[in-house]
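Here are some notes on one residue and the strands around it, for you to follow alongside the coordinates. Please read them with the side chains displayed.

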Amino acid sequence: MRKPIIAGNWKMNKTAAEAEKLIDELKPLVKKSKPEVVVCVPYTDLAATKKAIEGSNIKLGAQNVAWADSGAFTGEISAEMLKEIGVEYVIIGHSERRTYFGETDESVNLRLHQALKCGLKPIVCVGETLFEREKKRTNKVLKRQVLEGFKDVTDFTDIVIAYEPVWAIGTGKTATAEDANKTIGYIRNLVKKTWGADTAKNLRIQYGGSMKPSNAKELMAMRNIDGGLIGGASLKAEDFAAIVNYKD
Ligand code: PEP
């Protein structure tokens, strides 16, 4: 059985003081959650958030990680720095990183190997743009992102994939539950063909893209969907908690 995982991606929102406040509101609301609960916060919020989540079931995540151990990489943050603070999860290859900051499947692959080497659990984002979808290239794009992004990976135990159609992120448009389930099924099948049936069976694949309290239950009811990566709706404790506490 795959344990569902709901992860908030705060993006570039919340100061450290605001992070503490949000976590204090969130803790009692999610304490009986069935899914694993993660918050991926800005680097400057990590220490305050770590302190704020102490004694709760909320886990700490970052939004990126450098591919090198240390050195001349201005603006980057190493896995060791994240580990020392107590970070457990890290988002890699979010579409905003790919679109605005030049992330490629190759850099995603480098960051992924570094995260795994250092014991961080990666949440790797894949997904097609609206243009690619309209040109019916969704599966082709996903195949490239998965085969190149996960090149030379042999153990998927700690890996989570987030299928995030780019046209659904922050737009209010959500893929239908059936569509998301079908596309995630395609990814799972690709993993099965490439890495074997056991890997595919145990791999958690989230949906991301305007997931909110009103559509969480329907999405989470789908066979292939093991959770959500939540942007906008993770910034309000009640909304994020309502997604975490979706009822079967
Ligand atoms: C995201 O940032 O990964 C995301 C899914 O954002 P939103 O929920 O706001 O669409």
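1. In this predicted model, the side chain of Glu 36 makes a polar contact of 2.9 Å with the side chain of Lys 59, and a polar contact of 2.8 Å joins the side chain of Glu 36 to that of Arg 204.

2. Glu 36 has a relative accessibility of 9%, and because buried means under 20%, Glu 36 counts as buried. Setting aside the neighbours within four places in sequence, the residues in contact with Glu 36 include Lys 3, Pro 4, Ile 5 and Ile 6, and also Glu 88 and Tyr 89.

3. Glu 36 belongs to strand β2, which covers residues 36-40, and β2 pairs with β3 in the parallel sense over 4 bridges. Val 37 has Ile 58 of β3 as its bridge partner, and between β2 and β3 the chain passes through helix α2 (residues 46-53) in a β-α-β crossover that is right-handed.

4. Strand β3, spanning residues 58-62, is mostly covered, with 4 of its 5 residues buried.

Key:
Residues are numbered from 1 along each chain as its sequence is written. This is a predicted model: local features need pLDDT of at least 70, side-chain atom pairs count only at pLDDT 80 or more; totals for chains, interfaces and linings use all residues. Side-chain values use heavy atoms; hydrogens and water are left out. Helices (H or I, at least four residues) and strands (E, at least two) are DSSP runs, numbered from the N terminus. Buried means under 20% relative accessible area, exposed over 50%, partly exposed in between (1.4 Å probe, protein chains only). A polar contact is a pair of N or O atoms within 3.5 Å; within protein, one must be able to donate a hydrogen and the other to accept it, and residues adjacent in sequence count only if both atoms are side-chain atoms. Contact means heavy atoms within 4.5 Å. Two strands pair if DSSP finds at least two bridges between them. A crossover is right-handed if, with the strands pointing away from the viewer, the path from the first strand over the helix to the second runs clockwise.
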